[in-house]
Amino acid sequence: MEKKKMVVLTGAGMSAESGISTFRDSGGLWEKYRIEDVASPEAFAKNPKLVLDFYNLRRKQLDEVQPNVGHLFLSRLQEFFDMFIITQNVDNLHERAGSKNILHLHGELTKVRSSKYPQLIYDIGTKAIQLGDVCEKGTQLRPHIVWFGESVPAIEAAVELTAQADIFVIIGTSLNVYPAASLVMYAPAGSRKFLIDPNPVEIPYGLKFTVIKKSAGEGTKELEKLLLSI
Ligand code: OAD
């Protein structure tokens, strides 16, 4: 029998139990830093060292954290479903948990690119980059991250995937950031839709989801029970 297509949209809450801060919860990253100081092209133009250091710290943190049970659960589900993960997260925890089809909407910490030639992208793992580190054409390297005010090149592929979902699951995102949040409206009317989050989340366009009001780890266990008894 052909496997059903399951598309999962994840956000910072997915990695919270691994010890990576979310952005908008109390104690979240955007309480400690101002978005406009570290996550915009203007910030990089004005104070590139501050921006590089912010992402160097976050990249280094990847060496100190592990995938949590929620990540592992999603990777196990690949056995039962044709699975695709669309993540807003820039960490590599879905990959490290063994998930295969992962689309990073907002970029990846383990990659950098030329600040002048965007097609020149390099894997650097968890190494730091400094002012003066350049691409093969001699231009400063920057994080391979989608900053505020920049376009989201992967959104078209994400829309296409979402539009084919039999099951669409949202985990750990406040759905505050567009165009990621707009993906909810592309899930087919007949698809089963679930949202896992311990806190209330306003779903755009008044769409109806089955809400599992739990953390990613606990919520994914419950999802497994619900799905595997389809
Ligand atoms: P937010 O910080 O906006 O939302 C995190 C969500 O995770 C909230 O709804 C929390 O209730 C939920 N949460 C907290 N702990 C959880 C847990 N243990 N299990 C499950 N959920 C939990 O993060 P995002 O929605 O991912 O963009 O933010 C979207 C984008 O805004 C990010 O990709 C980032 C940020 O600015 C860029 O940096 C480009």
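Is L175 buried or exposed? L175 is buried, with a relative accessible area of 6%. The points below place this residue in the setting of the whole chain, which is a predicted model.

1. **Overall fold and dimensions.** The protein chain contains nine helices and nine strands. Its radius of gyration is 18 Å, close to the 17 Å that the globule rule gives for 230 residues, so the chain is as compact as a globular protein of that length. Along the principal axes, the C-alpha atoms fill a box of roughly 55 × 35 × 35 Å.

2. Of the 230 residues, 50% count as buried. Among contacts with a separation of 6 or more, 63% are between residues 24 or more positions apart. The accessible surface comes to about 11300 Å², and 53% of that area belongs to carbon and sulfur atoms.

3. **Charge.** The chain carries 27 positive and 27 negative side chains. The centres of these two sets lie 1 Å apart.

4. **The aromatic pair Y33 and F54.** A pair of aromatic rings is described by the distance of the centres and the angle of the planes. The count for this model comes to seven aromatic pairs. One of them joins Y33 and F54: the arrangement is edge-to-face, with 4.6 Å from centre to centre and 70° between the planes. Y33 lies in the loop between α2 (29–32) and α3 (35–38), while F54 belongs to helix α5 (residues 48–61), so the pair ties together parts that are 21 residues apart in sequence. The two partners can also be described by their accessibility: Y33 counts as partly exposed at 28%, whereas F54 is buried, with a relative accessible area of 3%.

5. **The aromatic pair Y55 and W147.** The ring centres of Y55 and W147 are 6.4 Å apart and the planes meet at 40°, so this pair is tilted. The pair links distant parts of the chain, since Y55 is in helix α5 and W147 is in the loop between β6 (141–145) and α8 (155–163), 92 residues apart. Both Y55 and W147 are buried. Together with F23, W30, Y33, F44 and F54, these two residues form one aromatic cluster.

6. **The loop between β7 and β8.** L175, the residue of the opening question, is found in the loop between β7 and β8. Its phi is near 55°, a positive value in a residue other than glycine. P179 is also found in the loop between β7 (167–171) and β8. The peptide bond from Y178 to P179 is cis, with omega near 5°. Most residues other than glycine have a negative phi, and most peptide bonds are trans. A student may therefore wish to look at both places in the model, given that most residues other than glycine have a negative phi and most peptide bonds are trans.

7. **The loop between β8 and β9.** Y205 lies in the loop between β8 and β9. Y205 has a positive phi of about 60° although it is not a glycine. At 46% relative accessibility, Y205 counts as partly exposed. V201 is placed in the loop between β8 (192–196) and β9 (210–212). Leaving aside neighbours within four places in sequence, V201 is in contact with T173, S174, L175 and L195. V201 and N176 are 25 residues apart in sequence, and their C-alpha atoms are 9.3 Å apart in space.

8. **Q88 and its surroundings.** Q88 is found in the loop between β2 (82–87) and α7 (93–96). Q88 is buried, with a relative accessible area of 13%. Not counting residues up to four places away in sequence, Q88 touches L9, T10, G11, L105, H106, T173 and A180.

9. **I102 in strand β3.** I102 lies in strand β3 (residues 102–104). Beyond residues up to four places away in sequence, I102 touches I85, T87, H94 and E95. I102 and S114 are twelve residues apart in sequence, and their C-alpha atoms are 23 Å apart in space.

10. **A216 in helix α9.** A216 is found in helix α9 (residues 216–228) and counts as buried at 5% relative accessibility. Apart from residues up to four places away in sequence, A216 touches G13, M14, E17, G70, I171 and I196. The C-alpha atoms of A216 and D63 are separated by 21 Å, the two residues being 153 residues apart along the chain.

Notes. Residues are numbered from 1 along each chain as its sequence is written. This is a predicted model: local features need pLDDT of at least 70, side-chain atom pairs count only at pLDDT 80 or more; totals for chains, interfaces and linings use all residues. Side-chain values use heavy atoms; hydrogens and water are left out. Helices (H or I, at least four residues) and strands (E, at least two) are DSSP runs, numbered from the N terminus. The radius of gyration is taken over C-alpha atoms; the globule rule is 2.2 Å times the number of residues to the power 0.38. Buried means under 20% relative accessible area, exposed over 50%, partly exposed in between (1.4 Å probe, protein chains only). Contact means heavy atoms within 4.5 Å. Accessible areas come from the Shrake-Rupley method with a 1.4 Å probe; for residues, only the protein chains shown count as cover. Lys and Arg count as positive and Asp and Glu as negative; His and the chain ends are not counted. The place of a charge is taken as NZ of Lys, CZ of Arg, CG of Asp or CD of Glu. Rings of Phe, Tyr and Trp (its six-membered ring) pair if their centres lie within 6.5 Å; planes under 30 degrees apart count as stacked, over 60 as edge-to-face and the rest as tilted.
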